[in-house]
Amino acid sequence: MRPTTTGPESFDESDLRLANRGGARISAAEIAAILERRSKIERALRRVPAGASLADAPSSIPWVPLTRLFDGFADIRGIGFSKITKALHRKRPALIPMLDSVVQAYLTRDDPLMRSSGSFGERATALVRSSKRDLDRNRLALRELRQELASRAYELTEVRILDILIWSLLA
């Protein structure tokens with residue numbers, strides 16, 4: 001039986017198992033530690049609108065609630081940006097990029113100090129803001145690519161397309 005993701009307002013073990021199918025490699029102990037914070041994570045997730053998008057104007061992006069959502073995963077041994085964003089991307093696919101090591105390296109290439117300043121949530125949000133700047137610089141091309149893919153029955157957000165392009169260039 002394939003794991004299914006829960007609705008956009010909830011977060012449970014099936015979301016983590018689905019992230020693992022996508023390469024997150026979240027261990028059973030890490031899943032248990034995350035699930036101990038489930039109510040805090042779900043509260044924060046509800047404050048981030050399901051339709052929020054990095055393609056929106058910067059002032060309409062819920063930066064503070066997003067930071068609080070990321071902070072819900074802070075200090076869990078073995079949990080970093082890659083694992084949590086692989087799980088959270090499915091919840092907010094137009095807002096949260098998959099911040100694996102390749103994407104992180106790309107986003108911090110001009111500012112390596114971005115990786116070390118602030119709380120866990122602030123650092124994750126700084127990476128998302130960097131992704132937003134890149135998305136804005138390439139908005140038209142990403143939108144055209146998304147539309148072309150959609151015409152071929154591939155539904156991807158600009159955020160996911162940007163992740164894939166970064167990977168194809170650097171990995």
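## Overall size and make-up

A compact globule of 171 residues would have a radius of gyration near 16 Å, and the protein chain agrees with this at 15 Å. The radius is taken over C-alpha atoms, and the globule rule is 2.2 Å times the number of residues to the power 0.38. This is a predicted model, in which local features need pLDDT of at least 70 and side-chain atom pairs count only at pLDDT 80 or more, while totals for chains, interfaces and linings use all residues. Residues are numbered from 1 along each chain as its sequence is written, and side-chain values use heavy atoms, with hydrogens and water left out.

The C-alpha trace spans about 40 × 40 × 30 Å along its principal axes. The chain has nine helices and zero strands, so that the order from the N terminus is α-α-α-α-α-α-α-α-α. Helices (H or I, at least four residues) and strands (E, at least two) are DSSP runs, numbered from the N terminus. Of the 171 residues, 44% count as buried. Buried means under 20% relative accessible area, exposed means over 50%, and partly exposed lies in between (1.4 Å probe, protein chains only). The areas come from the Shrake-Rupley method with a 1.4 Å probe, and for residues only the protein chains shown count as cover.

## Salt bridges

The structure holds twelve salt bridges. A salt bridge is a side-chain nitrogen of Lys or Arg within 4 Å of a carboxyl oxygen of Asp or Glu. One of them joins glutamate 30 and lysine 83, at 2.9 Å from N to O. This pair links distant parts of the chain, with glutamate 30 in helix H2 (residues 28-35) and lysine 83 in helix H5, 53 residues apart. Glutamate 30 is buried at 11% relative accessibility, and lysine 83 is buried at 17%.

Arginine 160 pairs with aspartate 163, the closest N and O atoms being 3.7 Å apart. These two residues are separated by about one helical turn because they are three residues apart in helix H9. Arginine 160 is partly exposed at 23% relative accessibility, whereas aspartate 163 is buried at 1%. Elsewhere, salt bridges that share partners join Lys132, Asp136 and Arg139 into one network. Within it, the closest N and O atoms of arginine 139 and aspartate 136 are 2.4 Å apart.

## A positive patch

On the surface, Lys40, Arg43, Arg46, Arg47 and Arg68 gather in a patch of positive charge. Patches are made of residues with over 30% relative accessible area and no salt bridge; like charges are joined within 9 Å, and nonpolar side chains (Val, Leu, Ile, Met, Phe, Trp, Tyr) within 5 Å. Lys and Arg count as positive and Asp and Glu as negative, while His and the chain ends are not counted. The place of a charge is taken as NZ of Lys, CZ of Arg, CG of Asp or CD of Glu.

Helix H3 (residues 38-46) gives the most to this patch, with three residues. Arginine 43 is found in helix H3 and is partly exposed, with a relative accessible area of 39%.

## Two loop residues with positive phi

Most residues other than glycine have a negative phi. Aspartate 75 is not a glycine, yet its phi is positive, about 65°. Aspartate 75 lies in the loop between helix H4 (63-71) and helix H5 (81-88) and is exposed at 78% relative accessible area.

Alanine 153 also has a positive phi, near 70°. Its place is in the loop between helix H8 (139-151) and helix H9 (158-170), and alanine 153 counts as exposed at 65% relative accessibility.
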